Amino acid sequence: RKKIILDTDPGIDDVMAIMFAEAHPEIELKAITTVFGNVSIETATHNALYLKQKYQLKADVVKGASKPLVRPPVGPTVVVHGESGFGDVEVPAKVVGEVDSRCAYQYIIDAVKAEPNEITLVAIGPLTNLALALQAEPDIVNLVKEVVVMGGAFGVNDHRGNVTPYAEANVHDDPHAADIVFSAAWPVVIIGLDVTEQSFFTGDYLDRLRDDAAEVGQFIWDVSRFYLKFYKEKVGIDACHVHDPSAIAYVIDPELFTLREGPVRVITEGPAEGMTIQKFDDRTYPNDEWSKHTPQRVGIAVKDTELLAIYRQCIIEY
Ligand code: BDR
Ligand code: CA
């Protein structure tokens, strides 16, 4: 089984991804590390603990960063994920269970040292915890199996941003952290809007999932009501994009995605703050800074029908 630490800001599509990782027989969900983003760090951690209690998850829950490295915090995206982070679904104020005593970046460092090259870090929120881990212990670049990130937008098929015309939310929430993570000498696969906006959970798909799966299907249906309303009103579609679950899908079956290789950088200030850029041609530019950076892999196409079928099957079998 593939061991993962899932770094997340739950969040509606984060729940969909967490339950995907938990349900899939080929994944061992070792830990859920939390980060600010869709909700505050307190809410993110509470929501993760709630899921652990509700579904008796074996995963440790570990509290992470409350704010970005440098930029001022953007604040929770209540319009997208609701006050609770789970749309209209209320999360009980009292949750049994405790967080790990360490902070997320220390937990990540300890975990990859304990099991060198065994653990994949999957990040589906702002990249602050991963950047802090790199800053505290740069050697972890040699101890992590792979880093899979849902974030960024590279202009493939004109996909550029969802919080500004040029920036995707997770990268925009902490562009400095994203630049550190993408520039580091470890293998990163970036599943950005270019591919996550190619797969759709339609209302009909979610209805059938609720009807055919056990309670978890109902829960996914419940949390998705608010998300579908947001997509209908603000994006103009009768479906929601498959953002965070796509990162899990990559871990399960990398063949679902076509990847493009080349170094990736992030614009950290100005009107294009949070924009992600990849150099993927062979041209040598004058004063080429780019060649110093590790080539990373960016998703440019996805087998969406297969991805949706894998998601459905494993949720039904959970
Ligand atoms: C990303 O931003 C958040 O709203 C989602 O949870 C996802 O991780 C998509 O841009
Ligand atoms: Ca997320």
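Colleague: In this predicted model, is Asp7 buried or exposed, and how many other C-beta atoms lie within 10 Å?

Modeller: Burial is read by counting neighbours, and a residue is called buried if 20 or more other C-beta atoms lie within 10 Å of its own. Asp7 has 30 other C-beta atoms within that distance, and it is therefore buried.

Colleague: In which strand does Asp7 lie, and which residues does Asp7 touch?

Modeller: Asp7 belongs to strand 1. Leaving aside residues up to four places away in sequence, Asp7 touches Thr33 and Val35, the run Leu121, Val122, Ala123, Ile124 and Gly125, and also Asn129 and Leu130.

Colleague: In what sense do strand 1 and strand 2 pair, and over how many bridges?

Modeller: Pairing is read from the bridges between two strands. Strand 1, residues 2-8, pairs with strand 2 in the parallel sense over 7 bridges, and at one of the positions Lys2 has Ile27 of strand 2 as its bridge partner. Between these two strands the chain passes through helix 1, and this β-α-β crossover is right-handed.

Colleague: Which strand pairs with strand 2 over 3 bridges?

Modeller: That partner is strand 3, residues 60-62, and the sense is parallel; here Ile32 stands opposite Val61 of strand 3. The chain goes from strand 2 to strand 3 by way of helix 2, residues 41-55, in a β-α-β crossover that is right-handed.

Colleague: Turning to the ligand, which residues come nearest to ligand 1, and which elements give two or more residues to its shell?

Modeller: A shell is read first by its members and then by their class. Around ligand 1 there are 15 residues, of which Gly11, Asp13, Glu168, Ala169 and His243 come nearest. Helix 1 (12-23) and helix 6 (169-173) are the elements that give two or more residues to this shell, and by class the shell has 4 nonpolar, 7 polar and 4 charged residues.

Colleague: Finally, what feature does UniProt place at residues 4-304?

Modeller: The UniProt record, an unreviewed entry, gives "domain: Inosine/uridine-preferring nucleoside hydrolase" for that range. Over residues 4-304 the model's chain is 37% helix and 18% strand, with the end C-alpha atoms 23 Å apart.

Terms used. Residues are numbered from 1 along each chain as its sequence is written. Chains are lettered from A and ligands numbered from 1 in the order in which they are written. This is a predicted model: local features need pLDDT of at least 70, side-chain atom pairs count only at pLDDT 80 or more; totals for chains, interfaces and linings use all residues. A residue is near a molecule or strand if its C-beta atom, placed from the backbone, lies within 6 Å of it. Helices (H or I, at least four residues) and strands (E, at least two) are DSSP runs, numbered from the N terminus. Ala, Val, Leu, Ile, Met, Phe, Trp, Tyr, Cys and Pro count as nonpolar, Asp, Glu, Lys and Arg as charged, and the others, Gly among them, as polar. A crossover is right-handed if, with the strands pointing away from the viewer, the path from the first strand over the helix to the second runs clockwise. UniProt positions are given in the numbering used here, feature names are shortened, and annotations may be inferred rather than shown by experiment. A residue is buried if 20 or more other C-beta atoms lie within 10 Å of its own, exposed if 12 or fewer, and partly exposed in between; C-beta atoms are placed from the backbone. Two residues are in contact if their C-beta atoms, placed from the backbone, lie within 7 Å.
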